[in-house]
Amino acid sequence: MANATECNSYSCKNSDETLAWIKAIIDFITPFSFLINPHVVNFFTDRLWLNVDKEWMDFLRGEPVQNLLLIPSGVIQDHWPTSLKNFILKLRSMVFRQEQADIDTALPGLQMTSVNSVLAQGMNVKKKHEVEVLSAVVSTIADSVRAHTIVDVGAGQGYLAQVLAFQYQHSVIAIDACSHHGRVTGARAERIKKHYTSQMLKSGSGMRKLNVPKTITCRVLSIDTLKTLVETSLPGDDTEQSRLEGESEEEQGKLHWPGDADKKPSTVLAGLHACGDLSVTMLKTFLECEDVKAVVSLGCCYNLLSEESIMDAGSQCGFPMSQSVRSTGLSLGKSARDLACQSAERWRSLDMHAGIHNFELHAFRAAFQMVLSKFYPEVVMSTPSIGRKGKALRRRQQRRSAESQHHQGSIGHIRPKSSVWPAESENDGIMTSVLDIQALPSEILNAKAGCEETKSDNKFLHFENFCRSGLSHLGIEQSLDINLQSVWKEAEPFSDLIGPYWSLRAALGPLLETLILLDRLLFLQEQGSELEAYLLPIFDPNISPRNVAIIAKKVDKDVRSCCV
């Protein structure tokens, strides 16, 4: 067994290096469009396994599920065909390394503080980790550019904004499209303010000003919208000030930056997993708005990125951003953007039972597509959505697993290790979905039996229930003329090929994400020496897979002239 994670020889320190890396990725993925572009739901209808090297599929068909789940991480087995090993090793050598960086070394002066229990209220482990790290990074960047205000774009319930305001004492504006989020952020901030005020009164150490995030509800659909919000939100408006003993009202209203009296207010844009094009809008606003001196952006939901057509070169779309990539005429397409959401860490964290079950669900879904194609072709033409219930399924599994552990003691039970299944990370157009799983008796494997596979007759019963649930979700009454058993009989002999196919396909996901990230970095690098930009993996990828921050700062003109 070997691992390719240490083999990355590419760099992105400047635009030439970044472009060379991008071109290498494009050259590599082009011949594998047969893996990238199809929908896994069409696995049986289009006989997708026939597009893959037969020797690869023959070897992988008999592999333990654990080995398949490690393919997206670049782990190969010695007995595999040389061409298969070369494919995986070469692929992984071009993936941006996402191991958490030594942030203290990368950002000198950074002082990370644990989020206290009051600020952490309501956060799960993942969110607490993200907010704790990102707030320290953003605060350090804001101090380095002497920013007056931080704008949290896509603020959600305001966790990041509140830590930046109360813990790091920055003036913060929290922007989110959801009015409910705005109300929750405001109410939560008031509770936190009361706590801090009470603590100051009890300590008898005097009162200090408390910065409370200013919340704005607005759907940011364009650069102009975000620019307007930045330019019209004056620093200090959101500052809740307490009277310090002996301090005048005039002094209380000032932001104490030495030498800033004659300078225009400056801003830092921050985004924790700003969705789809919103991350792109942040980067473009950073360039176009003079008041924005820095940006710290972590993107997500690449499936929601807009793409320009080759005929529409002047459009403002989410991909590609850089002029160099635009000039190639490259278009990823919906399937590739969906695939970029795949996480090698999530695949690796699945145990054997969860992996088997996941592949089984994909087989049911692909066989259900055969039912739709044969008996309801008009439904397939309308590309319906049939729902995604993966999160509900996992919660039920975890609850029942906990009950099993409590009542059965040492009896083997199943507990999925991952909080996100591979099926849920991809939004496969017509339907990645695991459907309305509530009706599926196979939602939990038989723990006492300890079997790796359900017997064929039981699998058909599960498939039958799957189809009934799917048809019901689509508002279709099942016809008596439909022979589901004949459909499953046709599909089942090839169902064990879905795991190998899906694993090979998922291995391309991190490479496609790397391409998207490098394109964003190159977009900034193409602006020349006026700014400094880099990629930095700031989170533990096992906790938060979308962990690469794009950090950019405008270089001070005086500093630049001194370096000439």
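User: Which helix holds tryptophan 21?

Analyst: In this predicted model, tryptophan 21 is found in helix α1.

User: Why is tryptophan 21 called buried?

Analyst: The relative accessibility of tryptophan 21 is 2%. Buried means under 20% relative accessible area, and tryptophan 21 therefore counts as buried.

User: What makes the span of α1 close to the expected one?

Analyst: Helix α1 comprises residues 15–29, that is, 15 residues. The distance from its first C-alpha to its last is 21 Å, and 21 Å is also the value expected at 1.5 Å a residue.

User: Which residues of α1 are buried, and what do they pack against?

Analyst: The buried residues of α1 are Thr18, Trp21, Ile22, Ala24, Ile25, Ile26, Phe28 and Ile29. They pack against α2 (33–36), α5 (82–93), α13 (323–326) and α23 (509–525).

User: What makes asparagine 14 a cap of α1?

Analyst: A side-chain oxygen of asparagine 14 lies 3.1 Å from the backbone nitrogen of aspartate 16. The cut-off for a polar contact is a pair of N or O atoms within 3.5 Å. Asparagine 14 caps the N-terminal end of α1 in this way.

User: Why are α12 and α23 called roughly parallel?

Analyst: Helix α12 (residues 277–288) packs with α23 at an angle of about 10 degrees, the axes being 11 Å apart. Angles under 35 degrees count as roughly parallel, and the two helices α12 and α23 are therefore described in that way. Ser279, Val280, Leu283, Lys284, Phe286 and Leu287 of α12 make the contact with Arg520, Phe523 and Leu524 of α23. By class, this contact of α12 with α23 consists of six nonpolar, one polar and two charged residues.

User: What makes α22 roughly parallel to α23?

Analyst: The angle between helix α22 (residues 498–507) and α23 is about 20 degrees, and their axes are 4 Å apart. With the limit set at under 35 degrees, α22 is roughly parallel to α23. On the side of α22, Arg505, Ala506 and Ala507 meet Gly509, Pro510 and Leu511 in α23. The contact of α22 with α23 divides into four nonpolar residues, one polar and one charged.

User: How do you know that glutamate 132 is buried?

Analyst: Glutamate 132 has a relative accessible area of 16%. The limit for buried is under 20%, so glutamate 132 is classed as buried. Glutamate 132 lies in helix α7, residues 125–144. Its contacts, leaving aside neighbours within four places in sequence, are with Met112, Thr113, Ser114 and Val115.

User: Why is arginine 47 counted as partly exposed?

Analyst: Arginine 47 has 38% relative accessibility. Partly exposed lies in between buried, under 20%, and exposed, over 50%, so arginine 47 counts as partly exposed. Arginine 47 is in the loop between α2 and α3 (54–61). Its phi is near 50 degrees, a positive value in a residue other than glycine.

User: What makes glutamine 169 partly exposed?

Analyst: The relative accessible area of glutamine 169 is 45%. Glutamine 169 is located in the loop between α8 (159–167) and β4 (171–176). For glutamine 169, a residue other than glycine, phi is positive, near 60 degrees.

User: What kind of peptide bond joins phenylalanine 319 and proline 320, and where is proline 320?

Analyst: The bond between phenylalanine 319 and proline 320 is a cis peptide bond, with omega about -10 degrees. Proline 320 is in the loop between β9 (292–300) and α13.

User: How many helices and strands does the chain have, and what percentage of its residues count as buried?

Analyst: The chain has 24 helices and eleven strands. Of its 564 residues, 55% count as buried.

Terms used
Residues numbered from 1 in each chain as written. Predicted model: local features only at pLDDT ≥ 70, side-chain atom pairs only at ≥ 80, totals over all residues. Heavy atoms only, no water. Expected span 1.5 Å × (residues − 1). Buried < 20%, exposed > 50% of the residue type's maximum accessible area, 1.4 Å probe, protein only. Contact = heavy atoms within 4.5 Å. Polar contact = N/O pair within 3.5 Å; in protein donor to acceptor, adjacent residues only side chain to side chain. Axes fitted to C-alpha atoms, helices over the stretch in contact; angles between N-to-C directions. Parallel < 35°, antiparallel > 145°, perpendicular 65-115°, else oblique. Nonpolar A, V, L, I, M, F, W, Y, C, P; charged D, E, K, R; others polar.
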